[in-house]
Amino acid sequence: MNILKKIISELHRFKGRVSLSLFFVLLTILAGVGLIAASGYLITWAALQPPILDMILILVAVRFFGISRAVFRYTERLFSHDLTFRILQKLRVGFYNAVEPVLPAKAIRYRSGDLLSRFSDDVDQLQEFYLRVISPAFSALFFILLTTVVTAWFSLTLSAAILLLMVINVFAIPFLIRKKAGDITDHLADDFAGLSQFMNDHVQGASDLLHSGSHKNWMAEGEKAIENISDIQKRRTKAFSLESGFYTAVSHASLPASFLILLPLVLSGELSGLLMVAVVLGVFTAFEAFEQIGNAVQHAYETRESAERLDDITSVKADEKPKKLTTVFKPQDASISMMNVSFSYNKDRVLRHIDLVIGAGEHVLLTGPSGSGKSTIAHLLVKWFEPDDGDILIGDQSIRMADGASVRKFISVVGQHTRLFNTSLRNNLLIANPDATDRDLIEALTAVRFDDAFAKLPNGLDTQVGELGLRLSGGERQRVAIARALLKDTPIWILDEPLSNLGRAMADEISESVSELTKDKTVLHITHDKSRLNMADRFYAMSDGKIWFKRLPGPYRVSTSSKG
Ligand code: ADP
Ligand code: MG
């Protein structure tokens with residue numbers, strides 16, 4: 001498990017701070033033990049009415065322990081929280097760096113809400129590993145040893161009895177908690193991620209759901225998911241209450257136990273009664289060191305789950321790993337050919353022996369039922385994934401040895417859903433080309449016939465488009481996407497069902513402007529709308545990961561049908 005190793009190595013790097021913090025944890029508990037033992041001694045002694053001057057030393061001790069306990073605790077908190085934040089910072093930066101290069105591929109594989117909520121929850125979970133697992137485990141072990149040794153000095157029986165109670169608290173109780181709350185609560189983070197993804201999807205699509213009348217179903221489904229989660233949380237809370245009750249019972253049992261064991265020694269005169277009170281109360285207070293142990297064990301399991309998930313997100317599959325890229329990517333022209341390409345995301349083959357040729361300047365249509373692998377072809381062309389087999393050439397140069405970013409400089413993708421960010425229209429366009437001037441932006445918007453809509457925007461390019469661009473209509477968002485492609489000005493365009501979410505009239509209108517704008521480009525147009533055939537020179541069909549070349553009845557596209 002790389003990630004847990006990583007945390008431990010971080011802890012190792014801060015070993016000075018870790019030692020100081022652990023040292024103060026021990027001092028805090030010791031001061032607590034001293035305070036209660038000395039107070040017990042003092043109160044009992046005071047009942048015998050000794051001269052007040054005789055008690056001065058023990059009075060000072062009570063005061064010392066009382067004040068120092070607060071100071072130690074404060075110092076311990078200062079160190080341990082400082083440490084936690086330092087580790088968190090390292091973890092966050094480390095994870096960001098690990099995830100960033102593989103993000104596009106991972107983001108396609110995971111659903112985005114899921115990825116985000118898992119990622120931040122899991123990193124937060126790891127930060128507490130020291131505070132909630134290492135530190136309590138360490139002080140528990142230390143106090144088992146210390147209490148066993150110190151009590152053995154008074155009575156071996158006492159030492160054995162207390163050891164037994166401590167072992168029950170430190171080992172039996174966590175075992176009980178695991179049994180009661182274990183496995184199901186480990187997956188709580190998964191369940192939460194699932195719920196947040198579910199909510200994300202359905203709230204964003206709420207108006208569609210209302211129109212289609214299927215909102216009742218999803219509300220019922222959502223309620224079920226919430227019930228399931230609160231059920232798990234209830235079980236968890238129950239288990240922890242049980243733990244805390246059990247812990248209290250066992251630690252209180254130490255009081256009568258040590259009293260009964262030490263009493264004969266006092267009666268026989270081997271031990272002073274005052275010392276007995278101090279020992280009985282001191283031992284009782286030492287149980288404070290085990291208060292967090294049940295929690296710590298549960299937390300350790302949850303941390304392991306988080307670490308495994310983060311390993312999974314940040315691990316780089318062989319095909320995603322940047323190879324040593326030897327060639328400069330300089331394709332001679334904008335032709336594309338896929339030769340005998342096979343691919344699988346996981347185990348199942350998604351593409352089988354794909355041969356696809358698009359000449360420079362040619363417009364090729366790709367149709368096929370949903371799930372047949374059309375978008376996967378687009379993903380491979382822009383090198384989000386690499387083929388398991390076969391080769392992809394652009395302008396007769398294989399993209400295998402080129403890095404993804406330089407391949408993507410040649411290709412624009414306009415997809416079914418356009419992701420707009422919650423910022424101005426200008427910033428949303430500049431993503432495609434940071435150097436574009438306002439004039440370029442407005443030209444692009446005019447070219448995609450966004451100009452009428454643009455005139456109505458309250459602040460022109462500074463208009464905020466809202467979360468996910470929801471202040472724009474679906475058609476407007478797709479026009480922005482096409483404007484982005486124009487600004488990027490690449491020789492190859494991939495249109496992955498950009499019109500499928502639009503009404504017929506809107507789709508026709510946009511389709512017309514796209515044909516015009518891409519006259520001289522190489523275009524792969526993915527659609528399951530066969531009426532778009534008139535936009536293409538040639539036509540491929542896919543089903544179940546296989547592809548066929550289909551001859552068109554005639555050269556449909558007017559302008560460049562002779563090329564390629
Ligand atoms: P299309 O675009 O033709 O609808 P896709 O290329 O999106 O089809 O999907 C082809 C197959 O690959 C489907 O069975 C789909 O479930 C699967 N698939 C798509 N994306 C992923 C992914 N990121 N991880 C795993 N499987 C995927
Ligand atoms: Mg698709």
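Modeller: Let us start with the largest cavity, to whose lining β3 (363–367), α19 (504–517) and β8 (522–526) each supply at least two residues. Helices (H or I, at least four residues) and strands (E, at least two) are DSSP runs, numbered from the N terminus. The model is predicted: local features need pLDDT of at least 70 and side-chain atom pairs count only at pLDDT 80 or more, while totals for chains, interfaces and linings use all residues. Residues are numbered from 1 along each chain as its sequence is written, and side-chain values use heavy atoms, with hydrogens and water left out.

Colleague: Which element gives the most to that lining?

Modeller: β3 does, with 3 residues. A cavity is a set of points, on a 1 Å grid over the protein atoms alone, where a 1.4 Å probe fits but cannot get out, and lining residues have an atom within 4 Å of a point.

Colleague: What classes of residue are in the lining of the largest cavity?

Modeller: That lining has 7 nonpolar, 4 polar and no charged residues. Ala, Val, Leu, Ile, Met, Phe, Trp, Tyr, Cys and Pro count as nonpolar, Asp, Glu, Lys and Arg as charged, and the others, Gly among them, as polar.

Colleague: And what lines the second largest cavity?

Modeller: Its lining residues include Lys-383, Glu-386, Gly-390 and Arg-400. By class, this lining has 3 nonpolar, 1 polar and 4 charged residues.

Colleague: Turning to Ile-377, is it buried or exposed?

Modeller: Ile-377 is buried, because its relative accessibility is 0%. Buried means under 20% relative accessible area, exposed over 50%, and partly exposed in between (1.4 Å probe, protein chains only). Ile-377 is found in helix α13 (residues 374–381). Leaving aside neighbours within four places in sequence, Ile-377 is in contact (heavy atoms within 4.5 Å) with residues including Met-338, Leu-351 and Leu-524.

Colleague: A new topic: how many aromatic pairs are there?

Modeller: The count comes to 14 aromatic pairs. Rings of Phe, Tyr and Trp (its six-membered ring) pair if their centres lie within 6.5 Å; planes under 30 degrees apart count as stacked, over 60 as edge-to-face and the rest as tilted.

Colleague: Why is the pair of Phe-23 and Phe-24 edge-to-face?

Modeller: The planes of the two rings, Phe-23 and Phe-24, lie at 75°, so the pair is edge-to-face, with centres 5.6 Å apart. Phe-23 is partly exposed, at 47% relative accessible area, whereas Phe-24 is buried, at 14%.

Notes. Chains lettered and ligands numbered in written order. 1 Å grid on protein atoms, 1.4 Å probe; cavity = no way out; pocket = protein on both sides within 12 Å on 5 of 7 lines; lining within 4 Å.
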